[in-house]
Amino acid sequence: MTDPVAAPVPESPAPRVAGDAPPSPDDDGPATTGAAAVAWEALLAGRTRSVPQPGAELVERYGPLVAHRGPLVLAQLGQSLDGFIASRTGHAEFVTGPEDREHLHRLRALVDAVVVGVGTVVADDCRLTVRAVPGAHPARVVLDPSARAPLTSAVLTDGAAPTLWVVGAHADVPAAPASHVTVLRVPVGEDGLAPPVVLGALARRGLQRVLVEGGGRTVSRFLAAGTLHRLYLTTAPMLIGDGVPGIRFPGADHLSGALRAPVRRFVLGDDLCTELTFRG
């Protein structure tokens, strides 16, 4: 895997907004309580030691991310056992369970920016905020070369967090965005927005800790470009049979050339999360 393009000296980071109150568990995930809450507060403060049980489980899982220095690029996907992230109609609510959604919100709280492709915005009208656990909302980044995101979508209207609308250099942005939205124009190559170019643009704005959240094509592009430090792939005990695929990239002719990486595995309710570490 190749390293991302070296980032220039960053400007002042975009402001982050305190997370709103957690909703009901069946909406976004179980709330963090007791020793786990103490551990999570420590992790948000950058501390990874002297944490009581059962909070040590959170430190084991997220401590390496907190301790990491320098640029960090993560990706996360939830899928069925047969590798689909949604049904063939695009229905994806929900493939994985509340524990995995809590895990996703923890990842959001530990990064500067969360990235999605415009297809995810169109299909899910996602908010990309931290709600299931305490934490600050990351900046939201929508990759949209042709500027086709609905102007009524949550990320472009709700003002919950700073939002970068990443469009092509010559895209026709249909209207002046809301005050929390910044239109960022970048070159578009034959294969669309190149992940190293996107990451370089984010780094120049002080956004060096990045979570690539969806959809499958966007995560696959960042994986194939060699830009990921870690990938969290959660599998749910269901078979969809036919639907929207998860990870897809040009593979090797022989399994000796298959992509391998050191792994850790975490049980999240009925789901199994596999963490692949491609770079330290």
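Which strand pairs with strand 10 in the antiparallel sense, and over how many bridges? Keep that in mind, everyone; we'll get there in a moment.

Some ground rules, since this is a predicted model: local features need pLDDT of at least 70, side-chain atom pairs count only at pLDDT 80 or more, and totals for chains, interfaces and linings use all residues. Residues are numbered from 1 along each chain as its sequence is written, and side-chain values use heavy atoms, with hydrogens and water left out.

Now the overview. The protein chain has 8 helices and 13 strands; helices (H or I, at least four residues) and strands (E, at least two) are DSSP runs, numbered from the N terminus. Of its 280 residues, 49% are buried, where buried means under 20% relative accessible area, exposed over 50%, and partly exposed in between, using a 1.4 Å probe and protein chains only. Taking contacts (heavy atoms within 4.5 Å) with a separation of 6 or more, 71% are between residues 24 or more positions apart.

Strand 10 (residues 230-236) pairs with strand 13 (residues 271-277), antiparallel, over 6 bridges; to count as paired, two strands need at least two bridges found by DSSP. One of the positions to look at is Thr235, whose bridge partner in strand 13 is Leu272. Strand 10 also runs parallel to strand 2, with 7 bridges joining them, and here Gln76 has Tyr232 as its bridge partner. Strand 10 is largely enclosed by the rest of the structure, because 6 of its 7 residues are buried.

While we're in strand 2 (residues 72-80), have a look at Ser80, which belongs to that strand. Is Ser80 buried or exposed? Ser80 has 0% relative accessibility, so it counts as buried. Beyond neighbours within four places in sequence, Ser80 contacts Val95, Thr235, Ala236, Met238 and Ile240.

Just after helix 2 you'll find Gly46, with a positive phi of about 90°.

Searching the whole structure gives 1 aromatic pair; rings of Phe, Tyr and Trp (its six-membered ring) pair if their centres lie within 6.5 Å, with planes under 30 degrees apart called stacked, over 60 edge-to-face and the rest tilted. The partners are Trp40 and Tyr62, and the pair is edge-to-face because the ring centres are 5.9 Å apart and the planes at 70°. Trp40 sits in helix 2 and Tyr62 in helix 3, so the pair ties together parts 22 residues apart in sequence. Both residues are buried.

Arg106 lies over the face of Trp40, 4.6 Å from the ring centre; a charge sits over a ring if NZ of Lys or CZ of Arg is within 6 Å of the ring centre and within 35 degrees of the ring normal. Arg61 does likewise over Phe266, at 5.0 Å.

Finally, the cores. A nonpolar core is a set of buried Ala, Val, Leu, Ile, Met, Phe, Trp, Tyr and Cys residues joined through side-chain atoms within 4.5 Å. The largest has 39 residues, and Trp40, Tyr62, Leu65, Leu74 and Trp165 have the most contacts inside it. Helix 3 (residues 56-67) gives the most to this core, with 5 residues. A second, separate core has 30 residues, including Leu184 and Val219. Thanks, all!
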